[in-house]
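Hello,

Here is the structure I promised to pass on. Please have a look at it first, then read my notes below.

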Amino acid sequence: MTPRLGSTPLPRLLHPAAWWAWGVGLAVAASQTTNPLLLALVVAVAAWVVLERREVGATNPLVPFLLVGLFAIGLRVVMVGLLGGGVTGRVVLFRLPEVPLPAWTSGVRIGGAVTLEGLLAALYEGLRLAAILACLGAVNALASPRRLLRYVPATLYEVGTAVVVALTFAPQMVDDAARVRAARRLRGHTGRGLREIGRLAVPVLVGGLERSLDLAASMEARGYGRVVRRSAASTRFAAGLTLVGLLGVVVGLYGLLDATSPAVLGLPMLVVGVLCAGAALVVGARRDPRTRYRRDPWAGPEWLVSLSGLVPAVVLTAGAVLSWPGLVPHQVPAGLPPVPLGMVAAIAVAALPAVAAPVPPLLARSREAAA
Amino acid sequence: MISFDAVGVSYADTSDDRDASGHGAPGGSAGGAGTTETTDTTVFSGATFRVPEGELVLVVGPTGSGKSTLLRCINGLVPHFSGGTLHGTVTVAGRDTRTHRPRDLADLVGFVVQDPLSSFVTDTVEEEIAYGMEALGVDATSMRRRVEETLDLLGLADVRGRPLRDLSGGQQQRVAIGAVLAAGPRILVLDEPTSALDPVAAEDVLATLHRLVHDLGITVVVAEHRLERVIHHADHVVLIGDGRVSGLLDPADAMVTSPIYPPIIGLGRALRWSPLPLSIRDARRRASEVRESLALLPAPSPTPARPAALDGELPEGLDGAAVARVDGLSVRRGSVVALRSVSVAVAPGEVVAVMGRNGAGKSTLLSALVGQLRPSAGTVRLGPLDPSGARPAEVVRRAGMVPQDPSLILYAESVAGECTAADRDFGLPRGTTAGVLRRIVPDVDAEQHPRDLSEGQRVSLALAVILASEPDVVLLDEPTRGLDYAAKRRLVALLQQLAATGHAVVLATHDVELAAEVATRVVVLAEGEVVADGSAASVLPGSPAFAPQVSKILHPLHFLTVDQVVAATGAAS
């Protein structure tokens with residue numbers, strides 16, 4: 001599976017975890033900067049990779065995520081304009097009528113002067129959120145979370161199954177609700193209004209319940225939970241270890257990303273968490289009799305994609321810790337943000353999958369047909 | 001392979017417990033339902049039979065007779081999953097279901113539930129087929145090989161990566177079969193595998209089953225209402241009804257006494273053929289004399305309910321009288337064009353059967369007629385009214401529809417409550433709906449929950465709700481799904497009565513026998529376009545998929561139903 005030098009790898013679907021590592025890395029990078037040029041570059045990289053490597057027929061959540069991002073920017077700018085922000089600027093664009101507030105609400109105001117600096121700061125903050133959302137949207141488009149769920153550790157198999165079933169049921173419930181609502185017309189009602197919603201809930205829930213029973217019968221008949229050779233104690237131990245591990249990872253990541261939290265919450269916690277989770281996988285999987293169908297291989301391209309996402313994350317995090325210039329541009333006075341070439345290059349590395357990752361099979365076929 | 005020894009199933013208490021055993025399993029008229037004093041409800045008892053390996057056994061019985069319960073005994077879902085008490089012993093290849101849970105039998109018995117979509121755990125074809133093997137711990141190499149074999153065996157290789165929800169009904173059913181088959185069971189149990197399918201898709205699924213039995217020696221047990229589709233595939237028949245279960249019977253013998261029988265058997269019984277032919281081929285051989293004698297008679301008159309004034313076939317001729325008409329109607333659903341410039345007019349007294357494969361646009365046409373969907377082009381008129389723009393309360397006075405799943409329009413806690421609610425909804429005097437219901441089915445327990453009714457009773461209740469406001473047009477979407485022949489006959493009589501009193505009836509159906517019995521006109525849709533529109537006698541016999549059994553047997557004569565033949569031969573003798 002290792003690609004020969006100079007040849008593009010064979011078309012195949014990449015391991016979903018590789019895409020998620022890439023996307024999360026890019027999102028981490030975005031979270032470290034408010035430089036609008038860098039953030040725009042992150043969005044562009046994410047969008048380009050999606051354009052080049054999204055499988056034909058896969059859903060494309062990038063667009064809705066981008067729209068949510070735009071909304072976040074707009075909301076942020078409007079709120080800062082109305083309520084003022086932490087940034088007090090010198091260039092006053094216009095004044096809104098101010099609502100007089102008692103003295104003890106110092107720092108809070110409604111209306112008043114709207115400054116260019118304040119708006120720009122809000123814009124950059126919003127842009128950062130939008131860039132993170134774009135990364136998540138891109139990952140969802142490249143590898144659906146469902147595919148990732150197939151790789152939940154064996155110890156969390158039951159939880160994984162429950163999530164998969166829930167993901168299948170949710171759209172069916174939505175379909176059901178639409179059908180029941182349409183059926184309300186047949187009884188001469190519009191299906192709108194609060195009382196109507198109460199009416200609709202019962203048939204939808206009962207229908208969902210009946211389907212659940214069917215599904216449970218089918219799973220039972222197909223041997224779900226059949227061979228459990230693990231003892232209860234070892235199961236509990238492994239599950240506990242996994243949860244502690246995951247908790248460690250979450251707290252560690254939070255500590256790493258949030259500059260105000262103590263340093264011990266950061267990297268050390270992350271390492272402990274990863275170790276615990278790893279141990280849990282070993283303990284849990286050792287005696288798991290279940291097998292998995294067609295696991296995606298983890299080979300050269302997976303390393304390439306996940307590392308290309310990690311590079312900007314590491315570089316920009318280091319930049320934030322060492323407070324490199326250009327990462328968080330000065331807001332006062334307002335000026336053109338600088339272009340830190342090193343960091344631009346680091347983010348550009350994340351664009352590598354757009355050319356170097358294997359093309360998904362259906363996309364490859366349709367491109368061949370087009371050529 | 002499977003042995004039942006004095007097996008009986010009973011549930012403590014009344015309706016609530018019985019519900020757990022699945023759709024339409026007990027719930028109905030048989031098995032002592034409606035008893036409130038006793039604490040034990042017996043679904044059936046005294047089932048003793050032995051199914052040898054490599055047999056296709058058909059379980060035949062009226063709605064609510066306990067067919068599903070019997071099937072669920074085979075892999076232990078009854079009593080392990082559903083509760084209740086199992087009397088006697090069920091052994092499957094030497095394993096007692098008392099001590100083996102369904103999951104312990106998963107490598108031996110594959111069970112396919114009624115609605116395939118609700119049994120899917122994953123979301124693509126390939127993963128679904130692999131799921132059972134993952135749970136059983138089959139190693140990765142042989143799992144891959146078996147998935148490929150199963151895909152080939154069931155003809156699913158082309159759709160292997162597709163999401164399950166996008167597949168057609170027949171494909172979904174085949175995936176459900178493949179999903180249990182891949183784990184390598186020796187026994188396959190199927191609960192009504194073809195009841196939701198169009199005739200062609202059903203034939204597909206049955207051909208697959210036939211192949212499994214004949215090529216792989218798998219033992220198959222099937223419950224199915226639409227006997228006309230399966231009876232000629234069966235090696236043996238088990239009859240169930242009134243709480244009793246027969247032994248393994250020869251299909252032809254069983255059909256002599258069975259209260260449930262398809263038209264081919266009805267014809268055989270009427271003409272006193274013995275032994276009864278089960279397949280069209282055998283029946284045609286037997287029928288050569290009958291064909292000759294019938295050929296001398298004038299062609300049978302079309303179904304009676306049709307008023308003479310409306311005999312003209314051109315929609316133009318009906319202009320003034322049409323109570324519902326669509327002109328150049330196109331409907332888009334997402335990226336799919338569900339209907340493409342369809343023009344149909346329906347006059348009072350007509351019974352129009354809309355037929356076509358799954359997804360041909362039948363339900364869309366009905367939904368557009370009651371204004372659930374907005375047309376992309378063209379017009380829909382109920383008399384002078386445009387249903388998509390009108391208030392629902394106005395529409396229901398002109399057109400009432402019973403949806404495919406009748407429980408969609410039933411909300412109350414009891415039958416009586418439902419009737420009162422319907423009176424209120426439609427602004428009718430109290431008791432109107434209850435009166436209509438009594439006319440349709442006299443024996444419904446007013447205190448029962450609508451979901452505890454048998455399938456047939458539920459359709460009747462929904463129909464009563466819709467008919468209460470006396471709409472000009474009555475629309476039914478797949479009304480016979482899950483109905484046995486007796487319930488179907490009652491429905492046919494009711495529809496004919498409706499037509500005779502000047503209502504127009506439009507039904508979307510896969511059931512060719514129903515269309516043959518009741519329709520005055522048949523509209524065939526394909527890919528959203530009308531491909532045939534004419535009297536039942538002119539449209540149905542010509543089509544290989546939609547021809548009713550009687551018409552196939554007596555081809556080239558234009559007979560559609562047993563009653564027509566009986567009337568004609570009665571006249572001849």
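**Where the chains meet**

The contact draws 66 residues from chain B and 47 residues from chain A. Keep in mind that this is a predicted model. Together, chain B and chain A bury about 5100 Å². Of that area, 53% is on carbon and sulfur atoms.

**Charged and polar pairs**

Six salt bridges cross the interface of chain B and chain A. One salt bridge joins A:Asp175 to B:Arg165. Their closest N and O atoms are 3.0 Å apart. Polar contacts between chain B and chain A come to 15 residue pairs, both residues being at pLDDT 80 or more.

**The chain B side**

Which elements of chain B give two or more residues to the side that touches chain A? There is one strand to look for, E6 (109-112). The rest are helices: H4 (125-136), H5 (140-153), H6 (169-181), H14 (392-398), H15 (415-426) and H17 (455-467). H4(B) gives the most, with ten residues. By class, this side of chain B has 39 nonpolar residues, 19 charged and eight polar.

**Domains of chain A**

Now to chain A by itself. Its domain assignment gives two entries. Domain 1 is made of 16-151 + 299-370. Domain 2 covers 229-289. How many Å apart are the C-alpha centres of these two domains of chain A? They lie 28 Å apart.

Then turn to H4(B) on the side of chain B that touches chain A.

Best wishes

Notes
Residues numbered from 1 in each chain as written. Chains lettered and ligands numbered in written order. Predicted model: local features only at pLDDT ≥ 70, side-chain atom pairs only at ≥ 80, totals over all residues. Heavy atoms only, no water. Contact = heavy atoms within 4.5 Å. Buried area = accessible area lost by both parts, 1.4 Å probe. Salt bridge = Lys/Arg side-chain N within 4 Å of Asp/Glu carboxyl O. Polar contact = N/O pair within 3.5 Å; in protein donor to acceptor, adjacent residues only side chain to side chain. Helix = DSSP H or I, 4+ residues; strand = E, 2+ residues; numbered from the N terminus. Nonpolar A, V, L, I, M, F, W, Y, C, P; charged D, E, K, R; others polar. Domains from an automatic or database assignment.
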